[in-house]
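Reader: I have the entry open and would like to go through it with you. Could we take it piece by piece?

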Amino acid sequence: MRIHELSHRVYEGTPVFPGDSLTRIEGACSIGREGFSTSRITVSSHAGTHVETPFHFFPEGKRLDELPVDAFFGNAYVFDVRGENQVKLKHLDFALFNKAEIALFFTGHSRLFGEAAYFEDWPFLSEELVELLPPKLKIVGTDAPSVDKKNSCEIHKKLLEKGILVVENLTGLERIAEKNVKFYAIPLKISAEAFSVRAFAIEE
Ligand SMILES: [Zn+2]
């Protein structure tokens, strides 16, 4: 059994989507003064690797604290779609896609995380792909900033309206490309539309 880390680190100044608030981690109590340390943390709900729920776009949609913990893990297949700017059905093994519970898309874009180019342009999912979603699909994940192209949210809406969660800013997918793994993207039980996760995969 091998465990693969798939999360970006969240730290003071973590790169975030343009316009989103920067992460701040300030000392509150300190070991020198009070004998212990605590922090005051300001973080965007979309900082680093994160999961999104239907409440991101739908007022009646569920938030993270309203979903059971088993919504955030399951059997995944990692589709190697490097080199494709727009991921279409023809880039995938349809039989594998159609039985997926969790579909992860390895675009290779995470290598640019930390550079301005990361948030300028990225590979995204096509409308055609989300018209024909697998019946058991519960999570879609990507190692890019969004499942949509820049300045669009149609793919998000198509997934989230069906209750399919979205995980973005994954990293490390090269180690599990074209493999079946158990995937975990566990957020806090917080009353919000999204939050950072510790994402990882277990390869049997
Ligand atoms: Zn998103």
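**Notes on the fold**

Reader: Where is the place of Pro134?

Author: Pro134 sits in the loop that runs between helix H2 (127–131) and strand E9 (139–142). Helices (H or I, at least four residues) and strands (E, at least two) are DSSP runs, numbered from the N terminus. Please note that this is a predicted model, in which local features need pLDDT of at least 70 and side-chain atom pairs count only at pLDDT 80 or more, while totals for chains, interfaces and linings use all residues. Residues are numbered from 1 along each chain as its sequence is written.

Reader: And which residues does Pro134 touch, sequence neighbours aside?

Author: Leaving out residues up to four places away in sequence, Pro134 touches Phe97, Asn98, Lys99 and Ala100. A contact means that the C-beta atoms of two residues, placed from the backbone, lie within 7 Å.

Reader: Why is Pro134 classed as partly exposed?

Author: Pro134 is partly exposed because 18 other C-beta atoms lie within 10 Å. A residue is buried if 20 or more other C-beta atoms lie within 10 Å of its own, exposed if 12 or fewer, and partly exposed in between, with C-beta atoms placed from the backbone.

Reader: What about Ala95: buried or exposed?

Author: Ala95 counts as exposed, since it has 7 C-beta neighbours inside 10 Å. Its place is in helix H1 (residues 94–98). Ala95 and Pro134 are 39 residues apart in sequence, and their C-alpha atoms are 9.6 Å apart in space.

Reader: Changing topic: how many helices and strands are in the chain?

Author: The chain has 3 helices and 13 strands. An open sheet is formed by 9 strands with mixed pairing, in the order E1-E13-E11-E5-E7-E9-E10-E4-E12. Two strands pair if DSSP finds at least two bridges between them.

Reader: Which are the edge strands?

Author: They are strand E1 (2–5) and strand E12 (194–196), each of which pairs on one side only. On average, neighbouring strands of this sheet are turned by 25° against each other, direction ignored. Here the axes are lines fitted to C-alpha atoms, for helices over the stretch in contact, and angles run from 0 to 180 degrees between N-to-C directions.

Reader: In what sense do E9 and E10 pair?

Author: E9 and strand E10 (residues 165–168) are parallel, over 3 bridges. Gly141 has Val167 in E10 as its bridge partner.

Reader: Which residues have the most contacts inside the largest nonpolar core?

Author: Those are Val78, Phe79, Ala103, Leu104 and Val167, in a core of 45 residues. A nonpolar core is a set of buried Ala, Val, Leu, Ile, Met, Phe, Trp, Tyr and Cys residues joined through C-beta atoms within 7 Å. In soluble globular proteins, nonpolar side chains tend to be buried together.

Reader: And what does Leu104 touch?

Author: Beyond four places in sequence, the contacts of Leu104 are Ala76, Val78, Phe79, Gly141, Leu170, Leu173 and Phe183. Phe106, in strand E7 (residues 102–106), touches residues including Val78, Phe79, Asp143 and Leu173. Phe106 counts as buried because it has 24 C-beta neighbours inside 10 Å.

Reader: What is the phi of Asn169?

Author: Asn169 has a positive phi of about 60°, although it is not a glycine. Most residues other than glycine have a negative phi. Glu178 also has a positive phi, near 60°. Asn169 lies in the loop between E10 and strand E11 (180–186), and Glu178 is in the loop between E10 and E11 as well.

Reader: Is each of them buried or exposed?

Author: Asn169 is buried, with 29 C-beta neighbours inside 10 Å, whereas Glu178 is exposed, with 11 other C-beta atoms within 10 Å.

Reader: Last one: what is the radius of gyration of the chain?

Author: The chain has 17 Å, which agrees with the value near 17 Å for a compact globule of 204 residues. The radius is taken over C-alpha atoms, and the globule rule is 2.2 Å times the number of residues to the power 0.38. The C-alpha trace spans about 60 × 40 × 35 Å along its principal axes. Buried residues make up 36% of the 204 residues. Of contacts between residues at least 6 apart in sequence, 73% join residues at least 24 apart.
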